[in-house]
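Have the structure open beside you as you read.

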Amino acid sequence: MAKQAVSSLSILLVVLFHCITTSAQPAAAPTKPADSPALPANPPAKPASPPAPQPALPPVQPAAKAPAPAQPALVPVQTGATDVTKILGKAHGYSVFVRLLKSTGVAKQLFGQLNNSNNGFTIFAPTDSAFSNLKAGTINSLSDLQKTQLLQFHILNTVVTLSNFQTLSNPVPTEAGDASAFPMNITTAGNQVNISTGLVNATLGNTVYSDNQLVIYQVTKVLLPLDVFSPKPKKAAAAAAAAAALAPVVAPTSSKPKPTKEDAPVSPSAAAKVDAAAAVSLTRHGMLESIGVAMVAFFVIKRT
């Protein structure tokens, strides 16, 4: 009886232990699918490593180009009378050139021809800084005629557009006069226009004003003509000779009268010669008188 009780207790303990163990285990994991997707034979290749960063290079500068052509007109075309001084006044920076145009009367001449004729002009207008770069006293030392010639040297008596400068023949005539006395040579290189006077080399600047009768260009140097600032010595000497030839000839005067032959002093030898000549003359005269008296006496005696 005791054995049966122990056996039953043992079975009960085993069942209890089994129940406790079973409840403590986690739920079973879900079953895997029958066939999992096949893996690729070779994994995809990794992308190539990026190239090492190169140092930034400075941008390549384009080749030097010829200067751009002059800018279009800065001053609008005049609707009324064309006045060079007003045009340059509106453009600003040309006060010295304007003052000289007025003081020499060149501005008045231009005004008359531009508004009363079909004549056209090209003007090279130096800026105020161009005049300030001259040696002190350069302009003030000129005579009125030379100032006029200086301004006229900046004026061509025809309209020359930018595209027509290459067609000019050197030396280019100006309003100053003879091209041999006031030479101006103009050359072009691409879009650049160069002006040479023999003393100054300048480059044409912007277009200040342009219409069918007048064009004004800026120049950054005063164009100095040779005949005004470096006259030829031969020409100056010829001018002086011509002026001397035109002057009245005046004979030199002296406060003392010129000595005559009678007033000239007589030397002792000359005086002796004069006395001897006089003695001979008297002797001959006396002999002639004697002969005459003898002949008269002869004729008188013969008649008696």
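Which residue takes a positive phi just after helix 3? That's Gly105, with a phi of about 85°. Before going further, a word on the ground rules: this is a predicted model, where local features need pLDDT of at least 70 and side-chain atom pairs count only at pLDDT 80 or more, while totals for chains, interfaces and linings use all residues. Residues are numbered from 1 along each chain as its sequence is written, and side-chain values use heavy atoms, with hydrogens and water left out. Helices (H or I, at least four residues) and strands (E, at least two) are DSSP runs, numbered from the N terminus.

**The helix pair**

Let's start with helix 2 (residues 84–91) and helix 3 (residues 95–104), which pack at an angle of about 165° with their axes 10 Å apart. That makes helix 2 roughly antiparallel to helix 3 (the label goes to angles over 145 degrees; axes are lines fitted to C-alpha atoms, for helices over the stretch in contact, and angles run from 0 to 180 degrees between N-to-C directions). On the helix 2 side, Val84, Thr85 and Leu88 meet Phe97, Val98, Leu101 and Lys102 of helix 3, contact meaning heavy atoms within 4.5 Å. Sorted by class, this contact has five nonpolar, one polar and one charged residues (Ala, Val, Leu, Ile, Met, Phe, Trp, Tyr, Cys and Pro count as nonpolar, Asp, Glu, Lys and Arg as charged, and the others, Gly among them, as polar).

Helix 3 has buried residues, namely Val96, Phe97, Val98, Leu100, Leu101 and Thr104. Buried means under 20% relative accessible area, exposed over 50%, and partly exposed in between (1.4 Å probe, protein chains only). Their cover includes helix 2, helix 4 (106–116), strand 1 (121–126), helix 5 (128–132) and helix 6 (144–152).

**The strands**

Here is how some of the strands pair up; two strands pair if DSSP finds at least two bridges between them.

| Strands | Direction | Bridges |
|---|---|---|
| strand 4 (residues 192–196) and strand 5 (residues 201–210) | antiparallel | three bridges |
| strand 5 and strand 6 (residues 214–219) | antiparallel | four bridges |
| strand 1 and strand 6 | parallel | six bridges |

Strand 4 and strand 5 form a hairpin with four residues between them, and Gly198 in that turn has a positive phi of about 95°. Asn194 has Thr203 in strand 5 as its bridge partner. Strand 5 and strand 6 form a hairpin too, with three residues between them, and Ser210 stands opposite Val215 in strand 6.

Five of the six residues of strand 6 are buried, so it's largely enclosed by the rest of the structure.

**A loop residue**

Val159 sits in the loop between strand 2 (155–156) and strand 3 (185–189). Val159 is partly exposed, with a relative accessible area of 27%. Leaving out residues up to four places away in sequence, Val159 touches Gly120, Phe121, Thr122, Asn212, Gln213, Leu214 and Val215. Val159 and Gly120 are 39 residues apart in sequence and 5.3 Å apart in space, C-alpha to C-alpha.

Methods
Parallel < 35°, antiparallel > 145°, perpendicular 65-115°, else oblique.
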